[in-house]
Amino acid sequence: MNLKVFYHPECALQKCKDILHKLTLGTEYSFNYNLCPDPKSLEAGSLYLDKLDQLVFVGEENQKPIVFSWEKALQFWSRESYSFKKTPLLKALGVKEGDHVVDATCGTGMDSAFLLHAGLQVTAYERFFPTYLLLQYSFLYEKQQKSLSENLPLKIIFGDYATNDDQWECPVFYDPMYDDGSKRKAKTNKEMSLFHKLLKDTEDDSEKAAQLLREKTKRLVIKRAPKGELLLKGPNSQWKSKSVRFDLYI
Ligand SMILES: C[S@@+](CC[C@H](N)C(=O)[O-])C[C@H]1O[C@@H](n2cnc3c(N)ncnc32)[C@H](O)[C@@H]1O
């Protein structure tokens with residue numbers, strides 16, 4: 001499949017192309033590049049290489065472009081002052097520093113960044129190609145710029161965790177779609193609404209997905225709104241904070 005990527009005349013085009021090329025290896029995707037000095041003239045959801053060499057999703061009218069940055073996501077978590085070891089997610093995962101965790105639905109990468117910041121090794125799955133591109137582009141670009149450590153223990157996999165043959169010995173974290181009926185607004189802002197709209201078409205049946213994940217792993221943690229319905233019956237335990245609940249299935 002040929003995807004259009006627009007670029008600002010001042011971006012370091014060859015460098016950006018080299019990174020993007022790596023991301024298509026082994027996939028059905030390729031790119032064609034089109035000069036565009038003003039991204040405002042582009043349709044919302046277009047992919048754009050801006051003059052800072054960032055790969056962004058063009059936002060809807062009057063909204064900022066959507067850009068992912070592992071560096072910024074890690075900085076966000078490092079500004080949080082609470083004790084990481086005591087957070088409900090880590091308790092639910094039952095992990096210690098250096099352990100491996102699968103994030104089955106990477107999305108914006110904020111939860112994966114949290115897990116990395118807590119000292120875990122993370123394998124993150126993302127099956128929506130544009131999202132995968134933004135995640136993986138930022139990962140490779142920022143490592144090249146040395147704003148991310150070369151040794152950051154993160155592997156981003158393009159694909160569906162469900163159809164992947166991997167069996168995971170480690171705990172798996174599952175965050176279903178954004179509009180799961182909960183009132184959860186965490187990290188959702190105006191710009192991200194476009195992103196959520198794009199993803200809505202690819203939405204799974206979360207209950208089936210949870211069941212499948214349960215069969216593939218020995219320890220599954222599902223993120224829910226504090227009063228959200230259970231996706232699977234009979235969690236072994238639940239950990240809650242003000243804005244979120246984690247249900248553990250062993
Ligand atoms: C609610 S978001 C996850 C939010 C994420 N925890 C964060 O911090 O942004 C769900 C993401 O998982 C992806 N996804 C949904 N089902 C998937 C599947 N079966 N395999 C891989 N990725 C999936 C979607 O494309 C979407 O980007």
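Author: Two residues are counted as in contact if their C-beta atoms, placed from the backbone, lie within 7 Å. With that cut-off in hand, we can turn to this model, which is a predicted one.

Reader: What covers the buried residues of α4?

Author: The elements that cover them include α2, β6 (100–103), β7 (121–126), β8 (154–158) and β9 (172–174). The buried residues in question are Asp111, Ser112, Ala113, Phe114, Leu115 and Leu116.

Reader: Why is Phe68 called buried?

Author: The cut-off for a buried residue is 20 or more other C-beta atoms within 10 Å of its own; Phe68 has 25 such atoms within 10 Å, and therefore counts as buried. Its place is in the loop between β5 (66–67) and α2 (70–79).

Reader: Which residues is Phe68 in contact with, leaving aside its neighbours within four places in sequence?

Author: They are Thr108, Gly109, Leu134, Leu135 and Ser138. As for Met110, the C-alpha atoms of Phe68 and Met110 lie 9.3 Å apart in space, although 42 residues separate the two in sequence. In the protein chain as a whole, among contacts between residues at least 6 apart in sequence, 66% join residues at least 24 apart.

Reader: How do you know that β11 and β12 pair, and in which sense do they do so?

Author: For two strands to pair, at least two bridges have to be found between them; strand β11 (residues 237–240) and strand β12 (residues 245–249) are linked over 4 bridges, so they qualify, and the sense is antiparallel. The hairpin that joins β11 to β12 runs through 4 residues, and Trp239 stands opposite Phe246 in β12.

Reader: Which residues touch the most other members of the largest nonpolar core?

Author: That core has 58 residues, and Leu93, Val101, Ala104, Phe173 and Tyr174 touch the most other members. Helix α5 (residues 129–144) gives the most to this core, with 7 residues, and at least three residues come from each of domain 1 (2–66) and domain 2 (68–249). Not counting residues up to four places away in sequence, Phe173 touches Leu93, Val101, Val102, Asp103, Ala104, Asp111 and Val221. In soluble globular proteins, nonpolar side chains tend to be buried together.

Key. Residues are numbered from 1 along each chain as its sequence is written. This is a predicted model: local features need pLDDT of at least 70, side-chain atom pairs count only at pLDDT 80 or more; totals for chains, interfaces and linings use all residues. A nonpolar core is a set of buried Ala, Val, Leu, Ile, Met, Phe, Trp, Tyr and Cys residues joined through C-beta atoms within 7 Å. A residue is buried if 20 or more other C-beta atoms lie within 10 Å of its own, exposed if 12 or fewer, and partly exposed in between; C-beta atoms are placed from the backbone. Helices (H or I, at least four residues) and strands (E, at least two) are DSSP runs, numbered from the N terminus. Domain bounds come from an automatic or database domain assignment.
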